[in-house]
Amino acid sequence: MTLLALGINHRTAAIEVREKVAFGPSQLTLALSELRALPGVHEAAVLSTCNRTELYCVTDARGESDVLDWLSRFHALPREELLHCAYHYLDGDAARHLMRVAVGLDSMVLGEPQILGQIKDAYQAAREAQGLGGELERLFQHTFAVAKQVRTETAIGENPVSVAYAAVSLASRIFDDFGRARALLIGAGETIELVARHLHEAGVQQLTVANRTRERASVLAGALGGTAISLDEIPEALEHADIVISSTAAPLPILGKGMVERALKRRRHRPVFMVDIAVPRDIEPEVGDLSDIFLYTVDDLQEVIEENRRHRQVAADQAESLIEHGVTHWHKERRVRGAGEVIRDVRAKGEALRDEAQAQALERLAKGEDPEAVVRRLAHQLTNRLLHQPTLALRGAAADERQELMDAAVELLLGESHSPG
C-alpha cells in the first residue's frame, strides 16, 4: 500500500482554479464516499480550505491515477488543467507534507494557527465517513503530536499573523482614521471572527455582521458592540459600508456587480475597500472594475504576508528540523508495523508445523510406540520441517551469489552481525 497526498494550493494554482476544486461542506460527505469507493483507494481524507484542496489516500499501484481522474470528474474540470497545477507526494514525502501543512510552514501566512484546526476537522469528517483505516489514523495522530511539539518548542506561533490580520493591515494603509470607518463583514466563521476582533482593536467602532444564520451573526456582533443582519439586508448595508470583508462557504457569489453599483450611487461614489477571503469567491470579480471599488482577494495579501514570513524564518527552520525528526519516527513505526506482520506469518507457519508434528507424535504414543523413540522422531521431524525452506533459500542465494541474503540469514538465524570469515 502507498500513502498518497495529492492536491493544489496557493503556490500552484490561482484562485480561479482553487475555487473550482474546493469542496463545500455539503459536498464533503459525498466526496469522501465516492473517493473511498474507488477500486484503488483503501483509505481517504479530504482537506479543503481557501488556500488548498488536498486528498490524503492509502492506495494501490494505480491509485494515484484513479484519484486524479476522480477529482477531475467530481469538479467537471479537464484532467490536463489539474495536472498543470497539481502536486503529489508519496509515503514519507506525503507524511512530511501533511506535517508541514499542519504547523503552517506551507501556508500563505507562515505559522498561521487556523490550518491545524482545519486539518482536525478534515480528520473528523473522514472518521465519520469511515474513510480512515490504521494507516491514515496513525498518520493524523502522529501529525497532531508533531504540530503540538512545534508550537511548544518554537516561536512559530508567537504574534500569529492570519489572513484576517493581513486583510485588516491592508485596510489600515487606505484609511487614515479607522475610528470613522464603517465595516460590513459577511460570514460568521472563525476567519470573520478574527477580522472583527482585529478591526475592533484597530479602532473601528461601527461593525455590521451579515450571515445566513442571523443568530450566529448576533453572537459575534454583540460581543463587539456591532449589529447583526441577514444576507437579504446586505444591499441596504452596502450603502453605509466603507470596508467590506467577506468569508463564507457559499458556492456562488453573494455580492454582484449590479448590487454594488447601486450602493455606490447611493453613496455618491465614496470609495469602498473590499477583501474577498472566500474560496469560492463571495464577490464577483467584475466588482473590481468599478472605479470607486478597491477589491482584493486572498491572493493579493502577499506583501503583508511576506513581511510576516521574514520575521518567522528562524522559528520555521527549527520547525523543519522537528518535522524531519517526526518523519523519521513515523518511518520507523511504519517499518516496525510491517515487520510485525511478517513475524506473525512466520510464527503462524512455525506453529502449524509444530501442531502437525505434535499430532503425529501423540498418535504414535496412542498406538503404544516407545515414548523415547517418539520424542526423538518428533524432534528430528520438527527440525527438518522448520529448516527446510530456509535451507532451500540459502542454497539458491549461494548459487545466485546473493551475498546480502546470506549475510541477513546469518544475522537472523545464527544471531551474528556478519558472515563467518
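## Exercises on pockets, sheets and cavities

The second largest pocket has a lining of 17 residues, and those lying nearest its centre are Val346, Leu386, Pro390, Leu412 and Leu413. The model is predicted, so local features require pLDDT of at least 70 and side-chain atom pairs pLDDT 80 or more, whereas totals for chains, interfaces and linings use all residues. Residues are numbered from 1 along each chain as its sequence is written, and side-chain values use heavy atoms, without hydrogens or water.

**Exercise 1.** Describe the second largest pocket by its volume, the elements that line it and the classes of its lining residues.

*Solution.* Begin with the volume, which is about 570 Å³. (On a 1 Å grid over the protein atoms alone, a pocket is an open set of points with protein on both sides within 12 Å along at least five of seven lines, a cavity is a set where a 1.4 Å probe fits but cannot get out, and lining residues have an atom within 4 Å of a point; volume is the space filled by probe spheres set on the points.) Next, assign the lining to elements: α14 (313-366), α15 (371-399) and α16 (403-414) are those that give two or more residues, and α15 contributes the most, with seven.

**Exercise 2.** Work out the strand order of the four-stranded sheet, and identify the helices that lie across β2 and β3.

*Solution.* First, the sheet is open, its order is β2-β3-β1-β4, and the pairing is antiparallel; strands pair if DSSP finds at least two bridges between them. Because β2 (41-48) and β4 (87-90) each have a single partner strand, they stand at the edges, and one side of each is left without a neighbour in the sheet. On average, and with direction ignored, neighbouring strands here are turned by 15 degrees against each other. Second, β2 is joined to β3 (residues 52-59) by seven bridges, and Glu43 has Val58 in β3 as its bridge partner. Third, helix α6 (residues 114-128) lies across β2 and β3 at about 145 degrees to β2, while helix α7 (residues 134-153) lies across β1 (2-9), β2 and β3 at about 35 degrees to β2. (Contact means heavy atoms within 4.5 Å, and angles run from 0 to 180 degrees between N-to-C directions of axes fitted to C-alpha atoms.)

**Exercise 3.** Which residues line the second largest cavity, and which element gives the most to its lining?

*Solution.* The lining consists of Ala45, Val46, Leu47, Tyr56, Leu98, Ile119, Ala122 and Phe140. Of the elements, β2 and α6 each supply at least two residues, and β2 gives the most, with three. The space amounts to about 30 Å³, and its lining has eight nonpolar residues with no polar and no charged ones.

Key:
Nonpolar A, V, L, I, M, F, W, Y, C, P; charged D, E, K, R; others polar.
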